[in-house]
Amino acid sequence: MECAKGAETVDLFVSGRLCLFGEHTDWAGEHKGRSDAIMEGRTIVVGTQEGIFATAKPLKEKVLRITTTDNEGRTTGPAEFALEPAELLSVARGGGFFSYVAGTAYRLVVAHDLHLTPPGAPPGPTHIGPQGASVAGGPEGEGEGKGEEGWRGLELVNHTTTLPMSKGLSSSAAVCVLVARAFNRVFGLRLSTRGEMEFAYQGEITTPSKCGRMDQACAYGSVPVLMTFDGDILTVDRVKLAAPLHLVLVDLKASKDTTTILRSLQQAYPHPTSDLHEGLHRLLGPINHRITGEALTAMAAGDLRKLGRLMVEAQAHFDQLAGPLCPDQLTAPVLHKVLSYPAIQELVWGGKGVGSQGDGTAQLLCRGPEEQSKVCSILREELGMDCMPLSVTVKPPGLGGAAAAAASNGDGDGNVGVGDSS
């Protein structure tokens, strides 16, 4: 439903994002080309059932008015920001929750000249966004923005959130995608999903958080995808899945600092200056290529036992090669307690950390739906953990070029073919 022809309210939902394999290779892969030793990054990700629910509608005032509700039902706002580049940029650079909102709004306002749109005029001319994404339709004057009644601002009400914050499930990226999607729908910007993702990414890196592009995969919802990061080129392909995945996401009830983790690991790029840095390059390069390639093959074959073993192996490599670079955050005693908890070992195929890793969230691949339920009960009753079951169902065939190439090239000796199949 477009909101560009009146003051209708649109309903919005953006899911969280679970990285099954390949965390940190998104930003690492963006350095490809600066060093011959750097390989493209590859991640396998899927959206969560949990997410952010909101409504959006146009305003005649030239402001962004936003109210938010966290996953515990606490409401903040409404906060109001002038749709002026200087103010939005200042808020974005200041950090904090609203920095993600302001950063994304800043990128959209500047790209579409929304701050220059006078009452009674449609949004500005078509712009070609990053990576060639079409971000507005038609020549100047042909946009679908609500011009005849002078809509100049946006009200965004996040009324329900089921996604835990700061737990490695891309809650900040989901907020950025939500803002991009709200502007897209309200002002009729004709952004594709890739366009929304790109503006969300540009908005997030305007803040003090220097994430990679993987987090914005939440824009795709609950479809498993392979994301390939070759310098500044992002390729997204659906992943073939022959058997459903019955996962449990475990809120570890501890804490993690993603900014500190990123800062520590990114010091190794683009040029390693120590043995520890060399180890991280191996982890995020050839080791990740082999593991993601084998994981794609296992998913296509429905070999969940193998997939679980790969999760265990991936975590062991991460602990050995990434952990020493940020021991305060990546030693993660609570994560490892859950992964090795005796009472669940016969119920799961394997597990690993989530997102930037650390004591935020664990993911466990269960042997079936009954085992999934038992794991949740055990961890709730015996460890006091909050558990979120996530089942990824089998969808029609959609294994695109890059995903197929990765599956057949699991040894990491070659490059994944580039071609957007999303």
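Arginine 290 is partly exposed, with 24% relative accessible area (buried means under 20%, exposed over 50% and partly exposed in between, using a 1.4 Å probe and protein chains only). This comes from a predicted model, where local features need pLDDT of at least 70 and side-chain atom pairs count only at pLDDT 80 or more, while totals for chains, interfaces and linings use all residues. Residues are numbered from 1 along each chain as its sequence is written, and side-chain values use heavy atoms, with hydrogens and water left out.

Arginine 290 is a handy place to start on the charged pairs. Its side chain meets that of glutamate 313 in a salt bridge, 2.3 Å from N to O (a salt bridge being a side-chain nitrogen of Lys or Arg within 4 Å of a carboxyl oxygen of Asp or Glu). That pair links distant parts of the chain, with arginine 290 in helix 7 and glutamate 313 in helix 8 (residues 304–321), 23 residues apart. Helices here are DSSP runs of H or I with at least four residues, strands are runs of E with at least two, and both are numbered from the N terminus. Glutamate 313 is partly exposed as well, at 25%.

Arginine 290 also forms a salt bridge with glutamate 294, and here the closest N and O atoms are 3.5 Å apart. Both sit in helix 7 (residues 275–301), and because they are four residues apart, about one helical turn separates them. Glutamate 294 is partly exposed at 24% relative accessibility.

Across the whole structure, the search turns up 12 salt bridges. One of them pairs glutamate 155 with lysine 57, with 3.6 Å between the closest N and O atoms. Glutamate 155 belongs to strand 5 (residues 153–161) and lysine 57 to strand 2 (residues 41–59), so this pair ties together parts that lie 98 residues apart in sequence. The glutamate 155 end is buried, at 18% relative accessibility, whereas lysine 57 is partly exposed at 33%.

Back to helix 8, which lies across strand 8 (245–251), strand 9 and strand 10 and runs at about 30° to strand 9. For such angles, axes are lines fitted to C-alpha atoms, for helices over the stretch in contact, and values run from 0 to 180 degrees between N-to-C directions. The strands in question belong to an open, antiparallel sheet of four, in the order 9-10-8-11. Strand 9 (348–353) and strand 11 (386–392) are at the edges with a single partner strand each, so one side of each has no neighbour in the sheet. On average, neighbouring strands of this sheet are turned by 20° against each other, direction ignored. Strand 9 pairs with strand 10 (residues 361–366) in the antiparallel sense over five bridges, pairing requiring at least two DSSP bridges between two strands. Glycine 350 stands opposite leucine 365 of strand 10.

As for the overall picture, the chain has 12 helices and 11 strands. Of its 422 residues, 59% are buried. Among contacts (heavy atoms within 4.5 Å) between residues at least 6 apart in sequence, 74% join residues at least 24 apart.
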